[in-house]
Amino acid sequence: MSTSLSPALAAHLPTGLLVGGHWGAATGGRTFEVCDPATEEVLFDVADASPEDARRALGAAHDAAAAWRAVAPRERGEVLRAAYERIVARADDVAALITAECGKPYSEARAEVLYGADFLRWYAEEAVRFPGLVRTAPAGANRQLVHRRPVGPSLLITPWNFPIAMATRKIGPALAAGCTVVVKPAAQTPLTTMLVAEVLRAELEDRGLPAGVVNVVPTSRPADATSPLLTDPRLRKLSFTGSTAVGRTLLAQASGQVLSASMELGGNAPFVVMADADLDAAVEGAMVAKLRNTGQSCVAANRFLVHDSLARPFARRLAERFEALRLGPGAEPGVDLGPLIDAAAVDKVDAFVGDAVARGAQVLTGGERPDGPGSFYRPTVLAGVGPDARVAREEVFGPVAPVIAFTDDDEAIALANDTELGLAAYAYTTSLARAMRLADELEAGMIGINRGMVSDASAPFGGMKQSGLGREGGEAGIEEYLETVYVAL
Ligand code: SIN
């Protein structure tokens, strides 16, 4: 098991743009630096796509669209399945790359490789299963034929927090449905996505399939590069994972062409601990729900709403667990918690903690950055947080657990739903009746009951309210890349 980049991987890693099956330089040879957030060292210089490069990539996706759509669903599935096998076979290398550019501990990165690869396996299986319908019209005069077609060339904009899983969660269903893609990975972590794209490129080439099915445009100027695509009639679909603020801007731009849009946006997940909860299980679940990827996940628990009778012991035990964690570079053996993605992320987390303290919260542990290089922040538990603190109202995206006490079930549900976001929610209770009430009334697209993690390639991931539109994963994920066509026959 290797926890650092192997020389062979480093030597062969693609760092250019992938357009029409070829890796090449950006216009003018422009590049940008990708850094290791644990050391701040430059890892690689990566091609920096211009708007013109992005248009070339869309041209390649457009040119390959008819041929890819004509490839038998079974073979499209086989391409994805082969890519799944290739990635799992190289899981150590891919994990080391994720740790290097994203910072998460190697064991977490390896878990992400398997989670991410699973989207390719799941959609390899879904490629041959998407439904259609033939029936006699109720009046009996004709038949109705309802079938699905790929929506067409798709722009997939992925975030930096899960560099493989967020890419495969879009590429898998898009390719399975028969769509060609232009992927715009996050500037902080483009390399893992580029490695996945190379695996797919090689598989397509080996089979003599169209070259422009998967195109990749890393760029340090995302708005410049992608805006022209959103007004280009060759583009038919936008799928974005990122903040609600950027999602709103992209939706506005996409409205000009009435583009099909899937949006996986911000979260403000409540983690509710009811009076009858199993406290050991709740603390264990809180560790995962809060600290996966150092809290940098849209589904991370953002607010811990704990019944009055349990609030003190819950906060104290969580603080003890946080204190025992080893913070450090993700490639170092025994490290539990990696850095945040960059210095700006640390500043934001620290400002949220400062705001909560100014409003009367107490720091039970953490609340500071350690000395030394890298964008680290100590895992933090805050007690006595008021519901108006920024840390309770906005997505913190860091290792901070604010604990807010409530007195009865109605108040817990009202507090949990008091947000314009609705991605994930978690609740701990030993009562089936309470569990069912929470499952019915929590305003979130994904609800974990006595579980601190909901993500699964086979389940529909997505939110309600301002957390997004559409679903990724599961049977629902492929629908985002299909049009429904009705033929009266
Ligand atoms: C996200 O943070 O957007 C995704 C997390 C996950 O898939 O579990």
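**View 1. Ala176 sits in helix H6, which covers residues 165-177.** This is a predicted model, where local features need pLDDT of at least 70 and side-chain atom pairs count only at pLDDT 80 or more, while totals for chains, interfaces and linings use all residues. Residues are numbered from 1 along each chain as its sequence is written, and side-chain values use heavy atoms, with hydrogens and water left out. Helices (H or I, at least four residues) and strands (E, at least two) are DSSP runs, numbered from the N terminus. Ala176 is buried, because its relative accessibility is 0%; buried means under 20% relative accessible area, exposed over 50%, and partly exposed in between (1.4 Å probe, protein chains only). Who touches Ala176, leaving aside neighbours within four places in sequence? The partners are Arg76, Leu80, Tyr123, Ala127, Phe130 and Ile478, where contact means heavy atoms within 4.5 Å. Arg148 is 28 residues apart from Ala176 along the chain, and their C-alpha atoms are separated by 12 Å.

**View 2. Phe271 and Phe314 have the most contacts inside the largest nonpolar core.** That core has 130 residues. A nonpolar core here is a set of buried Ala, Val, Leu, Ile, Met, Phe, Trp, Tyr and Cys residues joined through side-chain atoms within 4.5 Å. Helix H5 (residues 106-126) gives the most to this core, with 10 residues. Another core, of 26 residues, lies apart from it, with Ala57, Val182, Leu250 and Leu259 among its members. Zooming in on Phe271, its contacts beyond four places in sequence include Ala282, Ala301, Phe304, Phe314, Tyr426 and Tyr428.

**View 3. Helix H11 spans residues 308-323.** Its 16 residues should span 22 Å at 1.5 Å a residue, and its end C-alpha atoms are 23 Å apart, which agrees; the expected span is 1.5 Å times one less than the number of residues. Which residues of H11 are buried? They are Leu310, Ala311, Phe314, Ala315, Leu318, Ala319 and Phe322. The cover over them includes helix H10 (279-291) along with strands E12 (269-273) and E13 (301-307).

**View 4. An open sheet of 7 strands runs in the order E14-E15-E16-E13-E12-E18-E19.** The pairing is mixed, and two strands pair if DSSP finds at least two bridges between them. E14 and E19 (446-449) stand at the edges with a single partner strand each, so one side of each has no neighbour in the sheet. In the sheet, E12 and E13 run parallel, joined by 5 bridges, and Ala269 stands opposite Ala301 in E13.

**View 5. Strands E5 and E6 make a hairpin with 6 residues between them.** E5 (residues 133-136) and E6 (residues 143-150) pair in the antiparallel sense over 4 bridges. Thr136 stands opposite Arg143 in E6. In the turn, Gly140 has a positive phi of about 85 degrees.

**View 6. Cys102 is buried, at 1% relative accessibility.**

**View 7. Ala344 lies in helix H12, residues 343-358.** Ala344 counts as exposed because its relative accessibility is 53%. Ser375 is 31 residues apart from Ala344 along the chain, and 8.6 Å separates their C-alpha atoms.
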